[in-house]
Structure formats: structure tokens, C-alpha cells
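The sequence and coordinates come next, followed by the description.

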Number of protein chains: 2
Amino acid sequence: MIAIGIDIGGTSIKGAAVYDDGKMLDVFSLPVIKGEPGEDTIEKLIDLLENYVKDQGIADEIIGIGIGIPGLIDVEKGVVVSSNNLKWENLPIVEIFKKRLPYPVRIANDANSAAYGEAIYGAGKGIPYVIMLTLGTGVGGGIVLDGELYEGNLGQGAELGHTVVQFGGRECSCGRKGCLERYASATALVFDTTKAMDEHPESLMHRISAEQGQIDGRVAFKAARQGDLAGLEVVEQYIYCLSEGILNYCNIFRPNIVILSGGIANEGDYLFDRINTYLAKERYGFPRSPVVKVVPAKLGYDSGKIGAAALFLHEKNS
Amino acid sequence: MIAIGIDIGGTSIKGAAVYDDGKMLDVFSLPVIKGEPGEDTIEKLIDLLENYVKDQGIADEIIGIGIGIPGLIDVEKGVVVSSNNLKWENLPIVEIFKKRLPYPVRIANDANSAAYGEAIYGAGKGIPYVIMLTLGTGVGGGIVLDGELYEGNLGQGAELGHTVVQFGGRECSCGRKGCLERYASATALVFDTTKAMDEHPESLMHRISAEQGQIDGRVAFKAARQGDLAGLEVVEQYIYCLSEGILNYCNIFRPNIVILSGGIANEGDYLFDRINTYLAKERYGFPRSPVVKVVPAKLGYDSGKIGAAALFLHEKNS
């Protein structure tokens, strides 16, 4: 049993056939051309997919096509309501697919499908209540409750990065002030690193970023590991903000685990030990509540494709 | 078809037989005596309930007993893990009931059962995605997703008042700093009212609270309605904090409506118009997302009893 999982990103579209044990066949890929109408991009994607299905000889095994898309999605109507990254608006993507292909099609927000992939086939395998936070340009969120993806009414919820953690705080791209993603995203970490470098000309972060050729999310962590005080301060503040955000979701959902993905999740035990220690100390505000473990994602960039496919595979499994 | 709904509070226990249209028979009531062991209180409650069932002649119609309890509840084991208000710990309440009565018993957190009552039989009747916030001593929360009560893994989530909206903000009873309930509860409103009165000896709030004999959640609203600037400032700040909290839950759950209960919800259109205007302006951070309407609760103190009964009635209905 196979489902096609497609992950649409801001610069490229990637897809693959996924078996119901989570294993993938070859990945196909299509660049996203800036300014190209969404309809045209989707027609090209279907061309590519038709060839892929033929080449792999899997036409008879496919039970459906799942697609993860950045932006606001109407999962019931199968429409991309609005995607800032792609400049798509009211794109009836499922309808376009169905005109040309005989398979059922489902769409989901990209953060949701990635979370679903990790929950079902990755770091959350076999665990019922899973929250995933993707720490990138923003903070994406995914919620899996008792093995089912919770996307919010009409698939338009689970915007875990767009919850205010600081009244009147940093301005967010969403229009609000003080959203979690302004404190816990990779972008926020780079912002805070740059600010700390301005304030601390003596910091190791200057040498590290010069060696790397850029200031990214790793600079403060590298400096902190080497005992740099300014770097350590950035890292500690970042971990505080992220942990408080995680605690909020613990108190709402009481998940068994929280999965972190994105480049920052590569910081390993240094990061995860500190977060888990913080959570254990704070105990979610309720001394008797069950421990939540925070763990790194396992599937990397494949989580989106695998999760999109899982929109079909998992249902058939369960 | 009848279920017994019981609402356990810090000072009294109230219960009633509830029909599957949400209508209640007479209410029975038992005071909670401070210092009395939980087992003893429950035995008395069962005595009372046995007489009630006999008096009402409903023994054969009862399909179950639902109980809402303040504190941390293990719904699967049927145990009150810990209740600060009642000083109960690890009380196997379902087991005690089952020893003496032939009916199935379910327990829920009191805020959850009240939300379920409002969602199924009150202000949320017929509406699938409902969030309720109870604005009292603290901020209680309840989540109903597609007609089903979401209590969090093991029934220990939905603590919507204990999410941080201000990093390092006001100290909360839960141990965290900056929880929503420190800004949006009735207690918080009284705190802010008292502070504003200290700073503004000219404010109408002094006369109003003297007339009332106390400073409560109505003082600032009454003053604001009469054009008092200090009172208006308190009310506006309160509405800002509450609305931001509601927006957070909109972005996570995208509910159709948010129900507010507690004394503050009696402020009527003056309050609800302002909240709904704020939400419409902020549009949940996403201009295309569906509008969420914020409305007052309808069932008053009965929501807990009706919701506890609905733990059985709604399942049979759907």
C-alpha cells in the first residue's frame, strides 16, 4: 500500500511514494518559479507526478495523494485560501488534481503534515499525544491527539507560533505583538545573537560568525559551549522563551512528548537537557501532572512528505 | 433518558437529574465541611443521592452519573489526583460510587464539565468548535472539538488559564509567572481596580465600592460606564489582556465561538462588543481566517451539573 506525499515549499516542491511502514521510494522535485501562477505550478507538478508513477510502476498501489502546503488551507474544500510564501490565493488545488488523476487528494498545512509524519513514523512513533514545534523562519506547530492530526476547525488552527507570550511585545508578521515565534524561531535567535554581538564586541560570537561567513542560529550555541558569557546569555534567554512556550502547550494539551524540528534541534543534548531540566523544575505548574519529554525530530526534511502521505496511510492502518 | 450531573465546589456539592434535552429536575445540595476526609464527604453524597433517586422515582431511567471536580483529575482511573480547594488527594471517587450504586460513573475537571454543558446545551448548542473561559478566582478553560470534550491526555490538560502571556510577569498560584489568569480573572480585575483606586483618589470607583461595601469585578465597569477615566483605563486594560488570551486560543483551535462565564460575563454588550471589536480588528493575525464570536454563557451555575450529566447524555444522543 502506497500513498504519494508531497511537500510544497517556498522554493521547491518535493514528493515521494511512501509505503505504510513509512519507507519512501525515490524523491521527485520541482522548483517553484517566482511569479508563476499557482495553477501553472500545479499542472507542472501533475505532469511530473504522472511520469513518476509510470517510472516506478506503482499506479495500482496508490491509495491517495497527500499534500502539505505553507499558509492558510481549507482542508474541507481542498483550497489554498492564502499562502504568503507562494503568493497563492484561493487556489482549488484538490479540484485541479482530481481533473487529471484518479486518486483521492487531501491537503494540509505544511507544519501540520510535518508534525503528523514525525508523530506517526518519526520521533513520536507509537506515542498518542504529540506536539511538534518547527523552529525556522517562524515557529510552525502541529498537534496530534490520540494518533489523529488536529488541524483546528476547517484546518485553520494549530498556529502555535502565533500565540502571544509577551503582551505588547515584538511585532510579528501576523500583525500581533509578542507572538512566540518572535522569541523562539531561528529568526529570533539570529536577531538576539546580532543584538548581543553589537553590545559585546569582546564576544567569541564575532569570530565564530566570521568563520562561518554568516550569523545563524548556531553562533550563540557554539560560543556558549566554549564558555562565552554573552553567547551563553543569548542561549539561556532563548531556552527560557522556548521552554515557556512549550509549557503553555503542555498545560493545554498535556502531550506525552514535544518534538522540536528545524536547524536548532540539531544542537543535541546541550539544548534538550536544558529544556527538559527547565520543564522538570517548572513541572507545568502542577506538581502531579505527568512528565512531558522534549525530543528532537527524526525524519528531517522527509517529515513533510511522509506526513502528507500519512494522511492516507495512517487512516488505513488504524 | 436521565443522567445525574454533580458539580463539586469548594464550599458545596450540587447535583440534579438531567434529561437528554438538557432540562433538570430538582437540585440536591450538600455542604462541604472543611477538614472532612474526602471519603466521608463522598459517602454522604451517595446517601443523599440514593434518597434523591428514590424520591424522584427515576432509578430505572438513569444511564450514568457524571461528576465535575475542581483540580487535577485522572479521568481514566476515576481518581481525583489532587484538589487544592478540597484538600483531596488520590481519592478513588469512581470506585467509592461503584461500591454502592449500580450506575456507570465518569468524572471530569469542573471547568471542563461546565464548558461541556454550555457547549452542548447552552450558548454553544449546535455549534461544533467551542472554547469556554470561566473568569472567576482563576481562569478555567474548557475545549469542545467537533462536539467532543477535549480534556487533554488523561484529562489533565485544558488549563487555559495557566498559559503565560507575559514572560516573567505576575506570579501565579501554579508556580509560573505571567499566566493569563493573573490578568484576566475576576481576581486580577479586582487587583487592578484596587491599584488604580490607590493611584486615583479622585476616581468614581471609591464611591462605587463604598456603596457596594466591597471592591469587586463590577466596580471598574460601573465607573467606566459613567465616564470615569481611571475606571475606563482598568476596563480597557482588562479587555486587552482577555482579548489577547482569546486570540491565542483562536489561533490554536479556530473555534466557532468562545463562551465567557463567571460574574464578569454579566457586563453584557458593554464588554462583549468591545471584545468582538478588538478581535475583528486583530483578525486573529490572519485576515482570511474565519470570524470567531465571543458570547456570554447561558446556563449560569447549572452548566457544571448539566455538563457532568452530558458526559453520558451527549454520547447517547450523537
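Thr137(A) is exposed, with a relative accessibility of 68%; buried means under 20% relative accessible area, exposed over 50%, and partly exposed in between (1.4 Å probe, protein chains only). This is a predicted model, in which local features need pLDDT of at least 70, side-chain atom pairs count only at pLDDT 80 or more, and totals for chains, interfaces and linings use all residues. Residues are numbered from 1 along each chain as its sequence is written, chains are lettered from A and ligands numbered from 1 in the order written, and side-chain values use heavy atoms, without hydrogens and water.

Thr137(A) sits in the loop between strand S9 (130–135) and strand S10 (139–145) of chain A. Helices (H or I, at least four residues) and strands (E, at least two) are DSSP runs, numbered from the N terminus. Glu181(A) is 44 residues away along the chain, and its C-alpha is 8.4 Å from that of Thr137(A).

In chain B, Leu25(B) belongs to strand S3 (residues 24–31). Leu25(B) counts as partly exposed because its relative accessibility is 25%. Not counting residues up to four places away in sequence, Leu25(B) touches several residues, including Ile2(B), Tyr19(B) and Tyr52(B).

The two chains meet in an interface. There, 46 residues of chain A are in contact with 46 residues of chain B. The chains bury about 4,000 Å² between them, 54% of it on carbon and sulfur atoms; buried area is the accessible area (1.4 Å probe) that two parts lose on being put together, summed over both. Two salt bridges are counted between the chains, a salt bridge being a side-chain nitrogen of Lys or Arg within 4 Å of a carboxyl oxygen of Asp or Glu. Glu244(B) forms a salt bridge with Arg176(A), with the closest N and O atoms 2.8 Å apart. On the side of chain A that touches chain B, H8(A) gives the largest share, nine residues.

The structure holds zero disulfides over all chains, a disulfide being a pair of cysteine sulfur atoms within 2.5 Å. Two cysteines are listed below.

| Cysteine | Relative accessible area | Closest cysteine sulfur |
|---|---|---|
| Cys250(A) | 0%, buried | Cys174(B), 12 Å |
| Cys250(B) | 0%, buried | Cys174(A), 12 Å |

Conventions
Contact = heavy atoms within 4.5 Å.
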